[in-house]
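Q: I'd like to learn how to read a pocket in a protein model. Can we go through one together?

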Amino acid sequence: MYFSDLPGQETTKTQLTDLFKSNKVPHALLLTGLEGCGHLQLALSFSGLLLCENPNETDSCKNCSSCKMFEKFQHPDLHFSFPIHLSKTEHSEISDDQRASFIEILKDFKCLGKKTWYSKMGNENKQGVIGVKESQSILNKLNLKSFFGGRKLLIMWMPELMNVQAANKLLKLIEEPPQETYFIFISNDQSKILPTINSRLQNISVPKMIDTEIATFLKTNFQLDSALAEKIAINSNGNLNKAICAHLESGSSELNRSLFVNWMRLCYSRNIADTIDWVNEFSKIGREQIKDFISYALEMYRQCILGNFKLSMKGLNESEESFLEKFKPFVNHKNISEINSVMNEAYYHLERNANPKILMLDVSLQLYKLLRK
Ligand SMILES: [Zn+2]
């Protein structure tokens with residue numbers, strides 16, 4: 001992620017590159033703005049610039065060995081700190097324990113929202129924390145010499161979720177960091193950052209992104225056509241993260257729909273050879289996607305029941321509606337409770353690492369019987 005990869009936000013980019021050019025980069029910088037305003041991308045781009053061996057006035061060179069490592073999130077002098085779900089048993093105590101997932105989601109989404117991150121860790125409703133062990137880990141890392149003898153950086157995403165003990169432990173380091181050590185904090189809500197931390201940071205406020213910039217970002221990074229990108233951008237209210245999630249969710253709901261239609265046809269026709277092929281292909285999509293698919297299927301069955309009772313089916317798109325119109329008689333008061341149990345049990349076993357192939361074949365065979373009830 002370089003400055004040139006984020007459309008717009010010229011004022012903030014100039015503020016940052018001016019600090020760089022005039023050699024006045026503060027040791028503790030805070031970028032604040034609403035979720036999805038691009039502050040995470042700006043912080044990343046700025047770190048790339050600070051680490052680059054051959055930067056120009058406005059961006060990194062994108063060519064030096066440092067830039068190459070930075071692009072792959074492998075630069076050893078760039079550290080990340082972010083809220084996690086603390087769990088000793090699951091070995092999740094400091095940000096580095098979740099680093100691989102964090103980087104993976106940054107690469108996939110090119111952006112990051114709180115809910116998206118929590119859901120990646122397994123529970124979108126559980127608040128993450130930056131705890132005291134994380135502060136100790138930061139102290140350990142930043143007190144070491146930098147790997148390449150140049151700058152050392154720490155990007156902290158959502159310092160507002162640092163607890164008091166963690167903050168107290170970091171105060172001195174933020175106040176008097178070792179030579180060539182820089183903190184870049186990214187906050188969605190500056191008012192929630194502990195005052196002792198907040199008072200030590202130099203703040204730059206980042207405005208919301210504008211629709212055309214969001215549309216450009218979607219077109220460049222997700223290969224959307226103009227009309228769709230613009231439609232999503234208008235509904236995103238200046239939140240790049242919301243726009244990306246909306247795009248990815250619509251993609252996954254289309255995938256779920258086509259999987260569901262094919263699967264139900266196979267189960268109704270009791271075509272065992274094709275069902276086995278379908279299950280083999282299907283199980284390649286990964287456990288999280290399969291869980292998402294099961295939730296989707298449960299919702300489709302619920303819609304069938306609504307339809308059977310002449311209640312309006314809500315929240316469906318056109319193609320779902322036309323399929324369910326034909327399919328709904330096969331899900332009815334005689335089989336719905338058994339279908340629900342079969343699907344819920346499948347979900348339960350998937351969460352406990354059941355083999356998806358064996359599981360989904362078994363579910364299919366049960367549906368063979370149930371759909372004919
Ligand atoms: Zn470079």
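Predicted model: local features only at pLDDT ≥ 70, side-chain atom pairs only at ≥ 80, totals over all residues.

Q: How much space lies in the largest pocket?

A: About 1400 Å³. The lining is made of 34 residues, and those closest to the pocket's centre are Phe-109, Thr-116, Ser-119, Glu-249 and Asp-292.

Q: Which elements give two or more residues to that lining?

A: Look for α4 (99-109), α5 (114-120), α11 (240-269), α13 (287-308) and α15 (336-351). The largest share comes from α11, with ten residues.

Q: How is the protein divided into domains?

A: There's domain 1, covering 3-208, and domain 2, covering 244-370. Taken over C-alpha atoms, their centres are 40 Å apart.

Q: Where does the largest pocket lie relative to the two domains, and why?

A: Check who supplies the lining. Domain 1 and domain 2 both give residues to it, so the pocket lies between them.

Q: Where is Thr-12 placed, and which residues does it touch?

A: Thr-12 is in helix α1, which runs over residues 10-21. Leaving aside residues up to four places away in sequence, Thr-12 touches Leu-42, Ile-204, Ser-205, Val-206 and Pro-207.

Terms used:
Residues numbered from 1 in each chain as written. Heavy atoms only, no water. Helix = DSSP H or I, 4+ residues; strand = E, 2+ residues; numbered from the N terminus. Contact = heavy atoms within 4.5 Å. 1 Å grid on protein atoms, 1.4 Å probe; cavity = no way out; pocket = protein on both sides within 12 Å on 5 of 7 lines; lining within 4 Å. Points joined across faces, edges and corners; volume = space filled by probe spheres on them. Domains from an automatic or database assignment.
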